[in-house]
Amino acid sequence: MIFPNGFKPKKSLGQSFLISDKIADRLVNALEIQSADNVLEIGAGLGILTTRLCRRARNVYAIEIDKRLVPILQDKTKDFRNIEIINEDILKLDWQKFGKLKIIGNIPYNLSTEILLKLLECINVWDIAVLTAQRELTYKLLALPGKSGYCATTVLFDFYTERKRLWPIPASSFRPSPNITSISVQIKKRPSPLFTDIGFDIFSEVVRASFKQPRKTIANNLSLFLNIEKTRILQLTKLDLNRRAETFSTIEFCQLTKDFMKIIQIFDETYKI
Ligand code: SAH
């Protein structure tokens, strides 16, 4: 494929551009855009999704780190007034300033983990996201306990969101084509978090500590990383903490967090003057 203005893709930026109009239509449809919605696009590239977004959304914020792509994107979107092309690193950008968002992106391989963390961090600003990425990333979002890919991120996303696998996208739909099949996932924020009686911060701390060394049992991880004696941890709950975190369901982590909060209260009372 010949790129505009003699453009040469950079592998280091994960530049692999979608070339299928049909798939671009389907991805944009999956974002369920209403005319009042604003959309943030992660890595706009050559703009195959961007023009479609402009036709549907109120405002489109197309984020692209590679400044060589900016004039190409400007040219592609010259007929639209509702586009802002922002030449910045998506991870450094302040997402809060845009108000409520829908988020779409064909995510570069090397950024995917950080982008998931950013999505969690900015959970208050978006309600739906459609991500296309390598299989491993989507497994992280979709895995069930005990299955490949199940990790702290899976559990943390489950607290706030429901995830749906959309379609595999063959490598041949991208140029230059990567050597992997990508998968698209729709992530929808739940109307209210899965548990309303525990805070996300403490839940997140318990989940992350439990997964810290995945080969260790939860009891060992919690003891090590929260600096509480193991015997105390085992007394804390009826749950079997001699299991590994990868076997624990979100509901079990919720129960564990509640039991864990008791011990924090006891600590607080002990140290109360
Ligand atoms: N959405 C386009 C491009 C996908 S390739 C398409 O589907 O064709 C990924 C894009 O992300 C590239 O254009 C790359 O330059 C951009 N990118 C890579 N790292 C980025 C970062 N940190 N912030 C913003 N954009 C980034």
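# Reading a ligand site and packed helices

Modeller: A nitrogen atom of the ligand lies 2.9 Å from a polar backbone atom of Ile90. Please bear in mind from the outset that this is a predicted model.

Colleague: Which residues around the ligand come nearest?

Modeller: There are 21 residues around the ligand, and those that come nearest are Gln15, Leu18, Gly43, Glu64 and Asn106.

Colleague: How far is the polar side-chain atom of Glu64 from an oxygen atom of the ligand?

Modeller: The distance for Glu64 is 2.6 Å. Asn106 also uses its side chain: an N or O atom there is 2.4 Å from an oxygen atom of the ligand.

Colleague: Let us turn to the helices. By what are two packed helices described?

Modeller: The description of two packed helices rests on the angle between their axes and on the distance between those axes. Consider helix H4 (residues 112-121) and helix H6 (residues 152-160): the angle is about 30° and the axes are 11 Å apart.

Colleague: Are H4 and H6 roughly parallel or roughly perpendicular to each other?

Modeller: An angle under 35 degrees counts as roughly parallel, and H4 and H6 are therefore roughly parallel to each other. Their crossing is left-handed. On the H4 side the contact involves Leu116, Leu119 and Leu120, while H6 contributes Thr153, Leu156, Phe157 and Tyr160. By class, six residues of this contact are nonpolar, one is polar and none is charged.

Colleague: At what angle do the axes of H4 and H5 cross?

Modeller: The axes of H4 and helix H5 (residues 135-142) cross at roughly 30° and come within 10 Å. That makes H4 roughly parallel to H5. The crossing of H4 and H5 is right-handed, whereas that of H4 and H6 is left-handed.

Colleague: Which residues make the contact of H4 and H5?

Modeller: Ser112, Thr113 and Leu116 of H4 meet Leu137, Lys140 and Leu141 of H5. This contact has three nonpolar, two polar and one charged residues. Leu116 of H4 takes part here and also in the contact with H6.

Colleague: How is the pair H7 and H8 to be read: roughly parallel or roughly perpendicular?

Modeller: Helix H7 (residues 200-211) and helix H8 (residues 218-226) have axes that come within 7 Å and cross at roughly 110°. That makes H7 roughly perpendicular to H8, and the crossing is right-handed. From H7, the residues Glu205, Val206, Ala209, Ser210 and Phe211 meet Ile218, Asn221, Leu222, Phe225 and Leu226 of H8. Seven of the residues in this contact are nonpolar, two are polar and one is charged.

Colleague: The loops remain. Where is Glu32 found?

Modeller: Glu32 is in the loop between helix H1 (21-29) and strand S2 (38-42). One reads its backbone through phi, which is near 50° for Glu32, a positive value in a residue other than glycine.

Colleague: Which residues does the cis peptide bond join?

Modeller: The cis peptide bond joins Arg175 and Pro176, with omega at about -15°. Pro176 lies in the loop between strand S8 (174-175) and strand S9 (182-189).

Methods: Residues numbered from 1 in each chain as written. Predicted model: local features only at pLDDT ≥ 70, side-chain atom pairs only at ≥ 80, totals over all residues. Heavy atoms only, no water. Axes fitted to C-alpha atoms, helices over the stretch in contact; angles between N-to-C directions. Helix = DSSP H or I, 4+ residues; strand = E, 2+ residues; numbered from the N terminus. Parallel < 35°, antiparallel > 145°, perpendicular 65-115°, else oblique. Left-handed = near helix turned anticlockwise from the far one by under 90°. Contact = heavy atoms within 4.5 Å. Nonpolar A, V, L, I, M, F, W, Y, C, P; charged D, E, K, R; others polar. Near = heavy atom within 4 Å. Polar contact = N/O pair within 3.5 Å; in protein donor to acceptor, adjacent residues only side chain to side chain.
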